[in-house]
Amino acid sequence: MKSRRIEPFIDEATIADTVEQLAARIAEDFAGEPLLLLCILSGSFIFTADLARALARHQIEVEVDFMKVSSYEGEESSGTVKVEFDMERSIFQRNVLIVEDIIDTGRTLEHLLRLLQTRQPRELRLCCLLDKPSRRINGLNAHYVGITIDDLFVVGYGLDYMHKLRELPHIGIMSTEE
Ligand SMILES: O=P(O)(O)OC[C@H]1O[C@H](OP(=O)(O)OP(=O)(O)O)[C@H](O)[C@@H]1O
Ligand code: HPA
């Protein structure tokens, strides 16, 4: 039977510093302007909560909305993103910041950005805590990137392995061994 091993990777203090630095940059760019944070469920729920509070410390008022999407490739559905459930608010002529825990291939975000652009936001930007650029299949880049990592499978701080381990306060590298 395979056993699961989780090796410490990014500790709580480093995550907190990273969130603070991201908030400082975002606050500089959106000073005095309203901002709608779009939390992409499920993995981003912890990051979004921390980012929203860090932005409040920088006097940025936010609204928070949620969306759940899944991307899939197949003969018929290639190139689409399935909206599992949509956000409540209109983004027409609003400043929107998509909040993601991780960008891997970039497939999910490429499709989501295309969909959201059709709703004509004033400004649409992307913030991710973790970025795995070596896995990218397209030219997608986030405006705000927390930490760039190698091609590793990471868990914790919202990131899951088979719907588990999201609750870990730090981020670990998961491997399986016989
Ligand atoms: O760049 P990509 O290759 O598209 O991968 C990134 C996506 O994968 C993860 O979500 P996942 O589909 O695992 O769902 P979850 O957030 O509910 O865990 C992550 O939260 C991103 O949305
Ligand atoms: O490294 C990862 N961990 C968890 N979920 C993910 N989705 C894309 N990459 C990852």
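Tutor: Val-62 is partly exposed, because 19 other C-beta atoms lie within 10 Å of its own. On this scale a residue is buried with 20 or more other C-beta atoms within 10 Å, exposed with 12 or fewer, and partly exposed in between, the C-beta atoms being placed from the backbone. The model is a predicted one, in which local features need pLDDT of at least 70 and side-chain atom pairs count only at pLDDT 80 or more, while totals for chains, interfaces and linings use all residues. Residues are numbered from 1 along each chain as its sequence is written, and chains are lettered from A and ligands numbered from 1 in the order in which they are written.

As to confidence, the mean pLDDT (the predictor's confidence in each residue, from 0 to 100) of the chain is 93, and 95% of the residues reach 70 or more. For the complex, the predictor gives an ipTM of 0.97 and a pTM of 0.95.

Val-62 belongs to strand 3, which spans 62-72. Helices (H or I, at least four residues) and strands (E, at least two) are DSSP runs, numbered from the N terminus. Leaving aside neighbours within four places in sequence, Val-62 is in contact (C-beta atoms, placed from the backbone, within 7 Å) with Leu-35, Leu-36, Leu-37, Ala-52 and Leu-55. Its C-alpha atom is separated by 9.3 Å from that of Glu-33, 29 residues away along the chain.

Pro-34 lies in the loop between helix 1 and strand 2. Pro-34 is exposed, because 12 other C-beta atoms lie within 10 Å. Beyond four places in sequence, Pro-34 is in contact with Glu-61 and Asn-95. The C-alpha atoms of Pro-34 and Val-96 are separated by 9.1 Å, although the two are 62 residues apart along the chain.

In soluble globular proteins, nonpolar side chains tend to be buried together. Apart from neighbours within four places in sequence, Val-99 is in contact with Leu-37, Leu-38, Cys-39, Ile-40, Ser-44, Phe-47, Thr-48, Leu-51 and Cys-127.

Helix 3 has Leu-109, His-111 and Leu-112 as its buried residues. They lie on the same side of helix 3, because they cover an arc of only 165° around the axis, the arc being that of the directions from the helix axis to the C-beta atoms. Arg-114 and Gln-117, on the other side of helix 3, are exposed.

Strand 3, strand 5 and helix 3 each supply at least two residues of the shell around ligand 1, and strand 5 gives the most, with four. A residue counts as near a molecule or strand if its C-beta atom, placed from the backbone, lies within 6 Å. Of the 15 residues around ligand 1, Ser-42, Gly-43, Asp-104, Thr-105 and Thr-108 come nearest. This shell divides into three nonpolar, seven polar and five charged residues, where Ala, Val, Leu, Ile, Met, Phe, Trp, Tyr, Cys and Pro count as nonpolar, Asp, Glu, Lys and Arg as charged, and the others, Gly among them, as polar.

Ser-42 lies in the loop between strand 2 and helix 2, and a cis peptide bond with omega of about 5° joins Leu-41 to Ser-42. Most residues other than glycine have a negative phi, and most peptide bonds are trans.

Around ligand 2 are Ile-102, Asp-104, Phe-153, Val-154, Val-155, Leu-159 and Asp-160, that is, five nonpolar, no polar and two charged residues. The loop between strand 8 and strand 9 (171-177) contains Tyr-157, which has a positive phi of about 50° although it is not a glycine. Tyr-157 counts as buried, because it has 25 C-beta neighbours inside 10 Å.

Conventions. Two residues are in contact if their C-beta atoms, placed from the backbone, lie within 7 Å.
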